[in-house]
Structures are given as structure tokens and as C-alpha cells.
Amino acid sequence: MDANGIKEIAIKLGADLCGIAPVKRFDNAPDGFRPVDIYAECQSILVFAKRLPTTSLFASSCVPYSHVNDLITREVDSLTLQISLKLEDIGINNVLIPSDDPYEHWESEKMYGRAILSLRHAGMLAGLGKLGQSTLLINDRYGNMIQIGATLLNVELAGDSLADYEVCPDGCDLCLDSCPQAALNGETVNQLLCRPFSNFITPKGYNLKKCNLCRSICPSALGIEG
Ligand code: SF4
Ligand code: SF4
């Protein structure tokens, strides 16, 4: 089956976006966090995303947005499982990647966690969008309101073109300037500063996303105009 046939499977199962990145595009990823470090036979990465309902981002309470995040993560994990099974059924071996947790790398003093594969970078390398200064992947149609999934394939496939649009308008530093923790520098997030706001644990034990300003304030949050 060719690249288009595989992407059609993902779309039919519920992906809103889908692309393919040949494994060579990950040569600059950090040692130990490349697709071949996870699955030695990997030749192509199928990356897909589902859109989030957008209005919760602007709600006064952080509960709806936190809930949407939990739901969409489970939804994308479930989609990843379905895609993985379907590909196995047609003889394509593949190793699925969690949409969020779990991962092993954790530096407790910095509260720094690193996923086994950066799905934001995988999305960029598969043509799903570009990284904004917020470090979020921004797609022209759905903005930064997407949840990404991926599976590593043992077949060589044609890659999609990288996105050719600009996601950060000239002179925009809104996310950097608005972050209440000054956690952004345009390339990375200081997780030690961000986590207490973006993963706030209530006295009852619920995990709430009390801050999403770098996402909501972005002029490209809901897509690229024009
Ligand atoms: S707020 Fe501005 S600088 Fe930050 S990601 Fe969005 S467009 Fe880019
Ligand atoms: S979620 Fe909030 S604290 Fe974290 S980087 Fe974004 S704006 Fe800053």
C-alpha cells in the first residue's frame, strides 16, 4: 500500500489531519529520542491529529479546558490503537506512540519530562504545521487546537511536503510577553516554571490546567487567517 492509502486509513478512522515523515527527517533529533531508538526497523512515521473543540479555551473556568484535554488525549490514544491494528491487519508492522503519557525521561530537579518522541516535531516533519514561539504546533486550518498522535512504520513511504506558511506574524511576541511565569524563550518551555500553572493539582487531587494563555492569546490559535 502507498502513502495515500495509509493516510486514507487514518482519515477514515477519524483523524482530522494526517501526514508522513520519512525517518531521515529525524536525524537531528536528540540521541535516544529518534524513531529508530524506539523501533529499529522504522522507515516512516505516520503522524495524525484530531482537532479540539475551541470554545472551552476561552471559558472563565479552567475545568472545561482541562476536561477537553483529558478527553482528546484518550481519544487520540484510542485512534492510534485503531490505526495500529488496521495497519497490522494489512501486513504493516508499526509501533504506536502515546499521545501524552507515559514516558521515562524525568529530571526531577527541573521537573523536566521528555516524551520518547516529540510529537510536535513529528507533526512539523510530516507537514502538519509549524512550531510557533509558544512551542506549540500550529496548523493553518485548526491552529494550535490539535492533539497529535503517531505510529512508526516499517515501510518506506513518500513524505509529505513541509508546511510552507508562516505561523507567527512579524513582530508577534504575545505568548512570550503574556506568560505569567516568563517560562517561554521562543524555543523551549521552562517546565519548572510552567508546570505548577499548567498542571495544577487541587487539594482533592484533580489535575487542572489553570493556565493556557500561550495557547489562547495566540492570533493563530484557531488557524491562520487569509
Ligand atoms: S502568540 Fe504570536 S509569537 Fe506566540 S506562537 Fe502565537 S503567533 Fe507565534
Ligand atoms: S501554560 Fe501558562 S505558564 Fe505555561 S508556558 Fe503557557 S502561558 Fe506560560
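Pro102 lies in the loop between strand 3 (94–97) and strand 4 (105–107), where helices (H or I, at least four residues) and strands (E, at least two) are DSSP runs numbered from the N terminus. The bond that joins Asp101 to Pro102 is a cis peptide, with omega about -5°. This is a predicted model, in which local features need pLDDT of at least 70 and side-chain atom pairs count only at pLDDT 80 or more, while totals for chains, interfaces and linings use all residues. Residues are numbered from 1 along each chain as its sequence is written, and chains are lettered from A and ligands numbered from 1 in the order in which they are written.

| Residue | Phi | Loop |
|---|---|---|
| Met111 | about 50° | between strand 4 and strand 5 (112–114) |

Burial is judged from C-beta atoms placed from the backbone: a residue is buried if 20 or more others lie within 10 Å of its own, exposed if 12 or fewer, and partly exposed in between. Met111, with 15 other C-beta atoms within 10 Å, is partly exposed, and Thr135 is partly exposed with 18 such neighbours inside 10 Å.

The protein has seven helices and ten strands. Its radius of gyration is 17 Å, close to the 17 Å that the globule rule gives for 226 residues, so the protein is as compact as a globular protein of that length; the radius is taken over C-alpha atoms, and the rule is 2.2 Å times the number of residues to the power 0.38. Of the 226 residues, 36% count as buried.

Beyond its neighbours within four places in sequence, Ile45 is in contact with residues including Ile20, Pro35, Ala122 and Ala150, contact being C-beta atoms, placed from the backbone, within 7 Å.

Around ligand 2 there are 13 residues, of which Cys179, Cys194, Cys211, Leu213 and Cys214 come nearest; a residue is near a molecule if its C-beta atom, placed from the backbone, lies within 6 Å of it. Helix 6 gives the most to this shell, with three residues.

Methods: Contact = placed C-beta atoms within 7 Å.
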